[in-house]
Amino acid sequence: MLGTVNPLGDPHLVPCCFVFVDEPDRVYSAIDGKPKSTTALQRLANIEANPTASLLIDFFDEDWSTLWWVRVDGPARVITKGSEHAAAIDRLAEKYEQYRDARPS
């Protein structure tokens with residue numbers, strides 16, 4: 001779950017696919033082709049206005065002894081082109097077969 005803050009200071013949460021990259025320490029997520037009501041996404045506007053975000057990753061199971069979660073907080077930015085953008089999409093495509101079939105732009 002990706003958390004950002006809207007211009008009024010309210011939290012905004014959306015599910016997302018992500019990939020960790022060790023060097024440098026980064027987490028990447030893409031805007032993909034899943035149906036959306038608009039291309040002017042609130043999460044992107046939030047990051048542009050307030051570049052702070054949280055990523056919450058959790059695992060649920062009926063066996064509560066196996067439950068876990070981790071939260072990553074830090075600066076966020078929107079990357080739309082360049083070598084870092086291409087490398088991020090490559091890493092996401094390595095992790096998600098759907099991105100190999102329909103590569104996010």
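Helix 2 gives the most to the lining of the largest pocket, with 5 residues. Helices (H or I, at least four residues) and strands (E, at least two) are DSSP runs numbered from the N terminus. The model is predicted: local features need pLDDT of at least 70, side-chain atom pairs count only at pLDDT 80 or more, and totals for chains, interfaces and linings use all residues. Residues are numbered from 1 along each chain as its sequence is written, and side-chain values use heavy atoms, with hydrogens and water left out.

**The largest pocket**

The space in the largest pocket comes to about 940 Å³. Its lining holds 32 residues, of which Val-27, Tyr-28, Ser-29, Ala-76 and Arg-77 are the closest to the pocket centre. A pocket here is an open set of points on a 1 Å grid over the protein atoms alone, with protein on both sides within 12 Å along at least five of seven lines; a cavity is a set of points where a 1.4 Å probe fits but cannot get out, and lining residues have an atom within 4 Å of a point. Grid points are joined across faces, edges and corners, and the volume is the space filled by probe spheres set on the points.

At least two lining residues come from each of strand 4 (26-28), helix 1 (42-49), strand 5 (52-59), strand 6 (68-75) and helix 2 (83-95). By class, the lining has 20 nonpolar, 6 polar and 6 charged residues. In this scheme Ala, Val, Leu, Ile, Met, Phe, Trp, Tyr, Cys and Pro count as nonpolar, Asp, Glu, Lys and Arg as charged, and the others, Gly among them, as polar.

**Overall layout**

The chain has 3 helices and 6 strands, and from the N terminus on its elements run β-β-β-β-α-β-β-α-α. Along the principal axes, the C-alpha atoms fill a box of roughly 45 × 35 × 30 Å. Of the 105 residues in the chain, 27% are buried. Buried means under 20% relative accessible area, exposed over 50%, and partly exposed in between (1.4 Å probe, protein chains only).

**Salt bridges**

Side chains of opposite charge can pair when their charged atoms come close. A salt bridge is counted when a side-chain nitrogen of Lys or Arg lies within 4 Å of a carboxyl oxygen of Asp or Glu. The count by this rule is 5 salt bridges.

| Pair | Closest N to O |
|---|---|
| Glu-84 and Arg-26 | 3.8 Å |
| Asp-90 and Arg-103 | 2.4 Å |

Glu-84 forms a salt bridge with Arg-26. The pair links distant parts of the chain, with Glu-84 in helix 2 and Arg-26 in strand 4, 58 residues apart. Glu-84 is partly exposed at 25% relative accessible area, and Arg-26 is partly exposed at 35%. A network of salt bridges links Arg-26, Arg-77 and Glu-84; Arg-77 is also among the lining residues closest to the centre of the largest pocket.

Asp-90 forms a salt bridge with Arg-103. Asp-90 lies in helix 2 and Arg-103 in the segment after helix 3 (97-101), so the pair ties together parts that are 13 residues apart in sequence. Asp-90 counts as partly exposed, at 36% relative accessibility, as does Arg-103, at 46%.

Arg-91 and Glu-94 both lie in helix 2, 3 residues apart, or about one turn of the helix. Arg-91 is partly exposed at 32% relative accessible area, whereas Glu-94 counts as exposed at 57%.

**Surface and single sites**

Met-1, Leu-13, Leu-56 and Trp-69 form a nonpolar patch on the surface, and together they have about 440 Å² of accessible area. Patches are made of residues with over 30% relative accessible area and no salt bridge, with like charges joined within 9 Å and nonpolar side chains (Val, Leu, Ile, Met, Phe, Trp, Tyr) within 5 Å. Accessible areas come from the Shrake-Rupley method with a 1.4 Å probe, and for residues only the protein chains shown count as cover.

Most peptide bonds are trans. The bond from Glu-23 to Pro-24 is cis, with omega near 0 degrees. Pro-24 is found in the loop between strand 3 (19-21) and strand 4.
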